[in-house]
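Thanks for coming. I will go through one model and keep to the backbone, the sheet and the packing.

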Amino acid sequence: MSHHVNQPTPTRAAKASNKRAKWRVRPGRRRRLMALLLVIIAVLAGALWWLFDPSRALNTARVSALNKGYALGQQRVTILMLGNALSIINGKDVTNPHVRDRTDAMMLVSVDTKTGQVNVLSVPRDSLVNIPHVGETKLNEANYFGGPKLAVAEVEKMLHIPVDFYMETTMWNFADIINQIGGLTLDVPYPMHYGGTGNYLDINLNPGVQHLDGQQVLEFARFRSEPMGSIGRSFQQQEVIRAVMHKLLQPSNLPKLPQIALELRKDIVYTNLQDNQLLALALVARHVSLSHVQFATIPGTPTVRMDPYMHVKLDYWVDNTKWERLLADQLIMGQPWTAAQKKSIGFEIRSGTQSLAPAEQLATWLKHQGYTVTNVIWANSHNHTQNTIVNFTGDDPFAKSIASVLGPQGTTTLSDSPYHDVPHVDMIITLGSDFKPSF
């Protein structure tokens, strides 16, 4: 292929990535919980509450024993976080915390109790699953039909890994807690407007980096983009989690953690974690830093199907089974990918400069690492100044590891798309003049 060809015919992957960029915006009609945020705050706050609450007799020997063995029985534990919906009628919260509900937030958390590494896998609530005696329906229906134990069973079946614990929460005083820590500074990626004065779901946020109070942060976490729906919202929630962790670890907020923990414990309605295990997690949380928390989202494609129970057409998320297993093995279980798994990961390399040589150099390196390179082609122009990665895997740590070898920090732009609808293309890398490989 000659480098004089300036406007190549777009590949199927290129067309798909352009299509994904044209998102329509529509907010959700019901509040979504951020279950992981509950755990992060609860365990951090719980560490202080359990250790320094004078009403609780916790002797030094017991703390030492828990700190050594963590009372969890193994080094790596998994916790399925389930967040229920908040039901609104005539502007009033009518949620019954003791009645099963469809889970609107599902996150699988993996904790390495020795190193303090925490990995978080967002499990799409709209994932298409086959529930026994119900049929094909959404994953979030599992809690409705069988409670958290059935939800755990379905996640285990989907990911082929064991889930050790579960924790189900109701809606809690999210806005008040954010206000207690002084609000958050967030980057609103696009206009978020919905509802209006008097509407219980009144969202009115303009784009840009800004400081938000508790109610505004809740609006940010509840707003969703279409056609990504709840998948897109999971990225916003992950940004809130990062910001909250950063804020909680500031010295000025440490004295507030015990009171926050007391408020949060009231909203845990179902869990199989015992008090000593919650304490053990709190002790682990004392050593967790933001750099030790990694996020991923199971990729897939949207589809519309007839629901067998409700007998109406609903939007579903058809997960990418290959990446379900890859994410579960490496991110949740801490197992390195096998040679066969690495070979199943496909890269498309595009050259945005006057030569294909850099793209061919990167392709050779990726093949030596055991990956598959499906295409080495020209980009849409030859004047790219910055490397870019379009990541379809849902695996943020993996994309960052690839970016780290393309050049110094900050020279590669990362964008995530959970739409994994082009076979054999898991990541598209476009090389610019900033390409300075470290391999």
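Helices here are DSSP runs of H or I with at least four residues, strands are runs of E with at least two, and both are numbered from the N terminus. With that in hand, look just after helix 10, where Gly 334 takes a positive phi of about 75°.

Before more detail, two points on the source. This is a predicted model, so local features need pLDDT of at least 70 and side-chain atom pairs count only at pLDDT 80 or more, while totals for chains, interfaces and linings use all residues. Residues are numbered from 1 along each chain as its sequence is written, and side-chain values use heavy atoms, with hydrogens and water left out.

Back to helix 10, residues 321-332. Its 12 residues reach 15 Å from first C-alpha to last, close to the expected 16 Å; the expected span is 1.5 Å times one less than the number of residues. Buried means under 20% relative accessible area, exposed over 50%, and partly exposed in between, with a 1.4 Å probe and protein chains only. The buried residues of helix 10 include Trp 323, Leu 327 and Asp 329.

Now helix 4, residues 141-159. How far apart are the end C-alpha atoms of helix 4? They are only 17 Å apart for 19 residues, short of the 27 Å that a straight helix would reach. Helix 4 bends by about 130° at Gly 147, with Pro 148 following within four residues. That bend is the angle between axes fitted to the seven residues ending at a residue and the seven starting there. Gly 147 and Pro 148 are both among the buried residues of helix 4.

Helix 4 is followed by His 160, with a positive phi near 60°. Most residues other than glycine have a negative phi. His 424 lies in the loop between strand 22 (412-416) and strand 23 (427-431) and is exposed at 62%.

Six strands form an open, mixed sheet in the order 15-9-2-5-6-16. Strand 15 (268-271) and strand 16 (293-297) stand at the edges with a single partner strand each, so one side of each has no neighbour in the sheet. Two strands count as paired if DSSP finds at least two bridges between them. Strand 5 (103-112) and strand 6 (118-122) pair in the antiparallel sense over 5 bridges, and one of the bridge partners is Val 118 in strand 6, facing Val 111.

Last, the packing. A nonpolar core is a set of buried Ala, Val, Leu, Ile, Met, Phe, Trp, Tyr and Cys residues joined through side-chain atoms within 4.5 Å. Which residues have the most contacts inside the largest core? They are Leu 108, Phe 347 and Ile 429, in a core of 50 residues. Helix 4 gives the largest share of this core, 7 residues. Apart from it lies another core of 21 residues, including Phe 174 and Leu 248.

Contact means heavy atoms within 4.5 Å. Leaving aside neighbours within four places in sequence, the contacts of Ile 429 include Phe 347, Leu 362 and Ile 402.

One more pair: Asp 176, in helix 5 (174-180), is 38 residues from Gly 214 in sequence but 6.1 Å away in space, C-alpha to C-alpha. Asp 176 is partly exposed, at 45%.
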